[in-house]
Amino acid sequence: MRVSFTVNGRPQEADDVWEGESLLYVLRERLGLPGSKNACEQGECGSCTVRLDGVPVCSCLVAAGQAQDRRVDTVEGLAGEGGELSPIQQAFVDAGAVQCGFCTPGLLVAADELLEHNPSPSDGDIREALSGNLCRCTGYEKILDAVRLAAARTGQAV
Ligand code: FES
Ligand code: FES
């Protein structure tokens, strides 16, 4: 089947998609968007998180056909047209919240969604929003610092 959808604001099509093919596979292998990572392919780690019509989802668990005529936003869409980092991306860099980086795309997408809807999150809000995203490297504290920093920089008290 053919899947037509909008990815990071641009119309995209993928042909010969089989029914069980995941959105993650289509993004990475057919559309050349490898930012979303495949760590478990079981909905456990959050490294594949994208937004589907604005809502964070594990793209490894979403059939590509479910994205038909819908909007998908991936980590590649966070940076500006000129490649400048978004506030949450810059905050992850500045807070030292990235080690191996495998979890980072999913965390960025989830954190970006949080700050869009809750610009001054409490620590509890941050922990809840990122609870589906596993990181085996950082111990999470610097990730929390990064989200706090991004919130502060965008003009909201934490
Ligand atoms: S790869 Fe999708 S949740 Fe782990
Ligand atoms: S930085 Fe390595 S898994 Fe999070």
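The crossing of helices α3 and α5 is right-handed (near helix turned clockwise from the far one by less than a right angle; helices are DSSP runs of H or I, at least four residues, numbered from the N terminus). This is a predicted model, in which local features need pLDDT of at least 70, side-chain atom pairs count only at pLDDT 80 or more, and totals for chains, interfaces and linings use all residues. Residues are numbered from 1 along each chain as its sequence is written, and side-chain values use heavy atoms, without hydrogens and water.

**α3 and α5**
- The axes of α3 (residues 104-117) and α5 (residues 141-153) come within 11 Å and cross at roughly 40°; axes are lines fitted to C-alpha atoms over the stretch in contact, and angles run from 0 to 180 degrees between N-to-C directions.
- L107, A111, L114 and L115 of α3 meet I143, V147, A150 and A151 of α5 (contact: heavy atoms within 4.5 Å).
- These contact residues comprise 8 nonpolar, no polar and no charged (Ala, Val, Leu, Ile, Met, Phe, Trp, Tyr, Cys and Pro are nonpolar; Asp, Glu, Lys and Arg charged; the others, Gly among them, polar).

**α2 and α3**
- Helix α2 (residues 87-95) packs on α3 at about 125°, with the axes 9 Å apart.
- On the α2 side the contact uses I88, Q89 and F92, and on the α3 side T104, L107, L108, A111, D112 and L115.
- By class, this contact has 6 nonpolar, 2 polar and 1 charged residues.
- The crossing of α2 and α3 is right-handed.

Methods:
Chains are lettered from A and ligands numbered from 1 in the order in which they are written. Helices (H or I, at least four residues) and strands (E, at least two) are DSSP runs, numbered from the N terminus.
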